[in-house]
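User: I would like to learn how to read the features of a structure. Could you take me through one?

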Amino acid sequence: MTYPNKRALSKYGKVAAQSEGGYAPPHRLVQMLMEGVLDKVATAKGCVQRQDLAGKSEQITWASSILNGLRASIDAERGGEIAANLDDLYSYMLQRLIDANVENSIEPLDEVMSLMVEIKGAWDAMPEHIRNAQPSGLGA
């Protein structure tokens with residue numbers, strides 16, 4: 001049995017994500033961004049283990065960009081204290097990604113993944129009637 005090469009799989013994944021992103025509701029778009037952070041951090045972790053410094057930096061930079069996008073989508077005025085707490089958490093996660101990059105360490109990456117899994121779990125558990133309501137100001 002033959003398997004497609006990595007480049008073909010990567011292109012397929014990008015096209016699939018772009019296609020879904022074109023028609024996905026806002027709630028799903030945030031889920032996709034969170035999934036992107038998890039994917040990039042997991043890949044960065046593998047790069048650290050393989051001592052692939054360039055790959056690690058690239059993946060951490062990509063994860064940081066996604067986190068910055070999630071932060072930018074937060075509406076602090078409408079989201080109140082919850083939005084402020086989420087912004088602080090995203091800021092902390094960004095700092096831990098910097099730590100992982102500078103220290104070439106897996107521990108901060110594991111921490112970011114754990115935090116994102118927890119945030120995403122809460123996001124995924126959001127009741128349907130809230131998902132379909134007008135934006136709450138939480139953004140992400």
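**Reading a helical chain**

Analyst: Gln51 is exposed, with a relative accessible area of 67%; exposed means over 50%, buried under 20% and partly exposed in between, with a 1.4 Å probe and protein chains only. This is a predicted model, in which local features need pLDDT of at least 70, side-chain atom pairs count only at pLDDT 80 or more, and totals for chains, interfaces and linings use all residues. Residues are numbered from 1 along each chain as its sequence is written, and side-chain values use heavy atoms, with hydrogens and water left out.

User: Where does Gln51 lie?

Analyst: Gln51 is in the loop between helix 2 and helix 3. Helices (H or I, at least four residues) and strands (E, at least two) are DSSP runs, numbered from the N terminus. The phi of Gln51 is near 60°, a positive value in a residue other than glycine. Asn104 also has a positive phi, near 55°. Asn104 sits in the loop between helix 4 (76-103) and helix 5, and is partly exposed at 31% relative accessibility.

User: How many helices and strands does the chain have?

Analyst: The chain has six helices and zero strands, in the order α-α-α-α-α-α along the sequence. Of its 140 residues, 34% count as buried.

User: How should I read the packing of two helices?

Analyst: Two packed helices are described by the angle between their axes and the distance between the axes. The axes are lines fitted to C-alpha atoms, for helices over the stretch in contact, and angles run from 0 to 180 degrees between N-to-C directions. Here, helix 2 and helix 3 (residues 53-72) pack at an angle of about 160°, with their axes 8 Å apart. Helix 2 is therefore roughly antiparallel to helix 3; angles over 145 degrees count as roughly antiparallel, under 35 as roughly parallel, 65 to 115 as roughly perpendicular and the rest as oblique.

User: Which residue classes make up the contact of helix 2 with helix 3?

Analyst: Contact means heavy atoms within 4.5 Å. Residues making this one include Leu33, Val37 and Cys47 of helix 2 and Gln59, Trp62 and Leu67 of helix 3. By class, the contact of helix 2 with helix 3 has 14 nonpolar, four polar and two charged residues. Ala, Val, Leu, Ile, Met, Phe, Trp, Tyr, Cys and Pro count as nonpolar, Asp, Glu, Lys and Arg as charged, and the others, Gly among them, as polar.

User: At what angle do helix 2 and helix 5 cross?

Analyst: The axes of helix 2 (residues 26-50) and helix 5 (residues 107-124) cross at roughly 160° and come within 10 Å. Helix 2 and helix 5 are therefore roughly antiparallel to each other. Among the residues in contact are Met34, Leu38 and Lys45 of helix 2 and Met113, Val117 and Trp123 of helix 5. The contact of helix 2 with helix 5 divides into 15 nonpolar, two polar and five charged residues.

User: What does His27 touch?

Analyst: With the same exclusion, His27 touches Trp123, Met126 and Arg131. His27 belongs to helix 2 and is buried, at 8% relative accessible area.

Definitions and conventions. Lists of a residue's contacts leave out its neighbours within four places in sequence.
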